[in-house]
Structure formats: C-alpha cells, structure tokens
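Subject: Structure handover and notes

Hello,

Here is the structure for your set. My notes on it follow below.

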Amino acid sequence: MIFKKKNNSHQLSMYFCIRIMENACFISKNLIDWYESNKRYLPWRDTYNPYKIWVSEIILQQTRVIQGLDYYLRFIERFPDVKSLADADEQEVLKYWQGLGYYSRARNLHAAARTIRDNYMGTFPKDYESILKLKGIGEYTAAAITSFAWNLPHPVVDGNVFRFLSRLFMIDEPIDTQKGKKYFIELAGKIMGDSKPGLFNQAIMEFGALQCIPSSPNCQACLFSTNCLAYNRQVVSNYPVKQNKTKTKDLYLYYFHIHWETFTYIHIRKEKGIWQNLFEFPLIESEKIIKPEELIKNFIFPEFITTENINSFRFIIQNRKHVLSHRILYATFVEVFLKEEPAIPESVIRIREEDIEQYPVHRLMEYYIEKQINRTRENGIQENGLFPEL
Ligand code: SF4
C-alpha cells in the first residue's frame, strides 16, 4: 500500500488521520519486526528498572549513543539506584557528568532523585503525571520511562521519530514548534496502538537512528520504500521541516590560568545557567571580541591581578569555538605567571595545580586541561623569553 497525499499542506490532518488508522497496524508491525532483527544491544534496553531507564534517557539527550554508553556505565556503577544518587554530593554527581555538557541535566537528575527519596520513599513514581512533575523530566522522558518500564501507551518522539514520520508522510509541520511537537506526538500515538507501546517506541526510535538517518539514507533497502512519500517524490532531504527561529548570540570568554608557585586559582560559577556550580579559571566575559593587543593595552585582566605582579604571560588558546543551543562561545586562555601571592577575593579559591582534576569543570576547561596542563606536566612549566612582557 502507498500512502497518498493530496498536496504539500499540513492542513491534511483529518485526511491523514484516516490514512493512519488504515495503515497503523502495517507500520507498527513492520517497525517491530525490523527492530527485533536489527536492534543494537544497549544495557538500558535490558532492564525494566525506571531509574536506569531515566538515567539513560537523560544522558542520551544531546549526546550520541556511543559517547553516552561509557558515561551511563560509570554513572550506574557509582549511583546504582535513586537513594545512592540522592545521598551523593552535587559536586560528585557533576564530576561523573564532566565532558557530557548540558550540566543542568545532572543537577536536575540529582534534585529529582532527592524528591523521589523524600516524597516517594525512594520508589520511582509509576504514573505519568507524577513523573512529569519531577525536575528535568519533560513529556519525552516521562513517555520513555512509563512505556519502557511499564508498557504504558505514551508515544516517545525524539529527533529520529520526527525524521522518519515527517518523511514517510511528507509532513510540512515544523518540528521545532509546540504545535508541531503536539502534531507528531498525536501521529505517533495513533500508529503505536495499545498492544506493545514500549517495544513500538524502541522500534521507531531505532529505525530513525539506523535506517532513516539524517543524510543519504539507503531508501532502496528500506522496508517502507514503496510507502514513503518523501522517497517516492525524491524530496527526502527536505524533511523534517524546521522553523529555525532560535537566534544564537556570540559571547567571548577570556580565561586566566594563573600560576603562583605551585598554585593556581579557580572559582565556582554561581550564576544560573548551563555551567552553574562548575569550576573554572577567573575570566572576563564580553559580547564583543577583544583582540590580544587590546587585552594587554587596556589591561583587561581579573581585578586581583596587577601589572606590577605579573612576571610574564602568554596566550595559549585563542577563540576556541563552542556551540550551545542559544550561544556561540569563543574561549581564549591566557597563562599568567605571578611574582607574588595575589590578594584574592572570597569567590576565588587557591588550589594546587595538580589537584585541578578533582574539580568538576565544563567542556572548555576540560579541553584546556587536557591540552595544556597535561602537556605542561609532562614537559615541566616553561617560563621563557618568548612571553610578551608588560
Ligand atoms: S524510504 Fe528512505 S526516507 Fe523513507 S522511511 Fe525509508 S529510509 Fe526514511
């Protein structure tokens, strides 16, 4: 059977509803059969434990499976259940999250574990509405937990599902709007039916991840090739449709890796945001780029550093790009060698250089530590005449 579409407008929801009802069993059964023979082995698929499913779903948001796998295994080994996570210190949880980015996920996971411990006697709530109230859990994650753990009929719609369904039916509804999300959730729900929600959700996501991939899917070998509207009209690359209204802003970060004897200086990021409660070097933030010569000429350094106290400094990394959903960051790292111990403000902590890896840091700091500090450790700190003098 081939799904027919009258035109490109998404105002065909009634028409689609009828077509979907007619073909839901066909799509659902084929997806599940395909999944049984093609699925990847992943540890969180081996369990009905809602805690483990929850942790895996949070890790896999914004993270590729291959990268998330190691993190998942280490996280579950250290925090095997709600109680162990709830009882842990937030800094330790962040340390286990280090490198995954989007640290609010870890903070929310930790906060929600405490809610489950305190309000539900440590037992994961089973109903969708209670799960949705937990910090950091949206419709997608609540649907994943309830369908995978208890086989409840809540459709899980991630990027893979958006892509597959939008191509299969040539849906022009943008996927990055509330209206679009609702549309796709309803559509997935209609196809899913009530018999095997958990299995169906796993199958449709895996199909999008392995077969209906973002670029150049192998449509000829696809079990839906005769049904897929986008393939039959040769417009696969046009789907899914996005409105793309998110505007990104540039932000320039100037980090100062300060040395005095065997010490360096860090502070904890207190402001609300993705890097809250992570450690980093003292920094200057600017919405405009500051050229190295400007930085030196106008002495744009942290306040507790004075020109007289600087022995030497050098630029280690300049304008390293780091893309976040609403911001593009450009990080510059300046290494500074001081003559005397500085008088630091309360917000800054003096630590031994060798202890820096004990502190949870964000991706940019981690990058710098890997590249620079480890290299310096191997070669020894080299202060030499190449450093520009003030
Ligand atoms: S035919 Fe191609 S575009 Fe259509 S569902 Fe299959 S892989 Fe995706």
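In which helix does Gly-208 lie? Gly-208 lies in helix α11; helices (H or I, at least four residues) and strands (E, at least two) are DSSP runs, numbered from the N terminus.

Before the rest, the conventions. This is a predicted model, so local features need pLDDT of at least 70 and side-chain atom pairs count only at pLDDT 80 or more, while totals for chains, interfaces and linings use all residues. Residues are numbered from 1 along each chain as its sequence is written, and side-chain values use heavy atoms, with hydrogens and water left out.

Overall

The protein chain has 14 helices and seven strands. Of its 390 residues, 50% are buried (under 20% relative accessible area; exposed is over 50% and partly exposed is in between, with a 1.4 Å probe and protein chains only). Among the contacts in the chain with a separation of 6 or more, 68% are between residues 24 or more positions apart, where contact means heavy atoms within 4.5 Å.

Gly-208

Gly-208 is buried, at 0% relative accessible area. Leaving out residues up to four places away in sequence, Gly-208 touches Asn-160, Arg-163 and Ile-213.

Cavity

The search of the whole structure returned one cavity of 30 Å³ or more. On a 1 Å grid over the protein atoms alone, a cavity is a set of points where a 1.4 Å probe fits but cannot get out; a pocket is an open set with protein on both sides within 12 Å along at least five of seven lines; and lining residues have an atom within 4 Å of a point. Grid points are joined across faces, edges and corners, and a volume is the space filled by probe spheres set on the points.

The volume of the largest cavity is about 120 Å³. Its lining has 14 residues, of which Phe-164, Cys-212, Cys-219, Cys-222 and Cys-228 are the closest to the centre. Helix α9 (residues 159-168) gives the most to this lining, with three residues. By class, the lining has 11 nonpolar residues, two polar and one charged (Ala, Val, Leu, Ile, Met, Phe, Trp, Tyr, Cys and Pro count as nonpolar, Asp, Glu, Lys and Arg as charged, and the others, Gly among them, as polar).

The largest pocket holds about 1900 Å³ of space. Its lining has 49 residues, and the closest to its centre are Gln-62, Val-157, Asp-158, Gly-159 and Phe-162. Helices that each supply at least two lining residues include α2 (50-60), α3 (65-78) and α8 (139-150), along with α9, α10 (178-192) and α11 (197-210). The lining divides into 19 nonpolar, 16 polar and 14 charged residues.

The second largest pocket holds about 330 Å³. Of its 17 lining residues, Arg-45, Tyr-48, Phe-148, Leu-199 and Gln-202 are the closest to the centre. Both α8 and α11 give two or more residues to this lining, and the largest share, three residues, is from α11. Here the classes are eight nonpolar, five polar and four charged.

Rings

There are 24 aromatic pairs. Rings of Phe, Tyr and Trp (its six-membered ring) pair if their centres lie within 6.5 Å; planes under 30 degrees apart count as stacked, over 60 as edge-to-face and the rest as tilted.

Phe-26 and Phe-224 form an edge-to-face pair, 6.3 Å centre to centre with 80° between the planes. Phe-26 lies in helix α1 (residues 13-38) and Phe-224 in the loop between α11 and α12 (229-232), so this pair ties together parts 198 residues apart in sequence. Phe-26 is partly exposed at 25% relative accessibility, whereas Phe-224 is buried at 1%. Ring pairs also link Phe-26, Trp-34, Phe-164, Phe-207 and Phe-224 into a cluster.

Phe-256 and Phe-301 form a tilted pair, 4.9 Å centre to centre with 40° between the planes. Because Phe-256 is in strand β1 (residues 249-259) and Phe-301 is in the loop between α13 (292-297) and β5 (310-323), the pair ties together parts 45 residues apart in sequence. Phe-256 is buried at 0%, and Phe-301 is buried at 7%.

Two arginines sit over rings: Arg-74 has its charged end 4.9 Å from the ring centre of Tyr-71, and Arg-350 lies over the face of Phe-263 at 3.9 Å from the ring centre. The rule is NZ of Lys or CZ of Arg within 6 Å of the ring centre and within 35 degrees of the ring normal.

Regards
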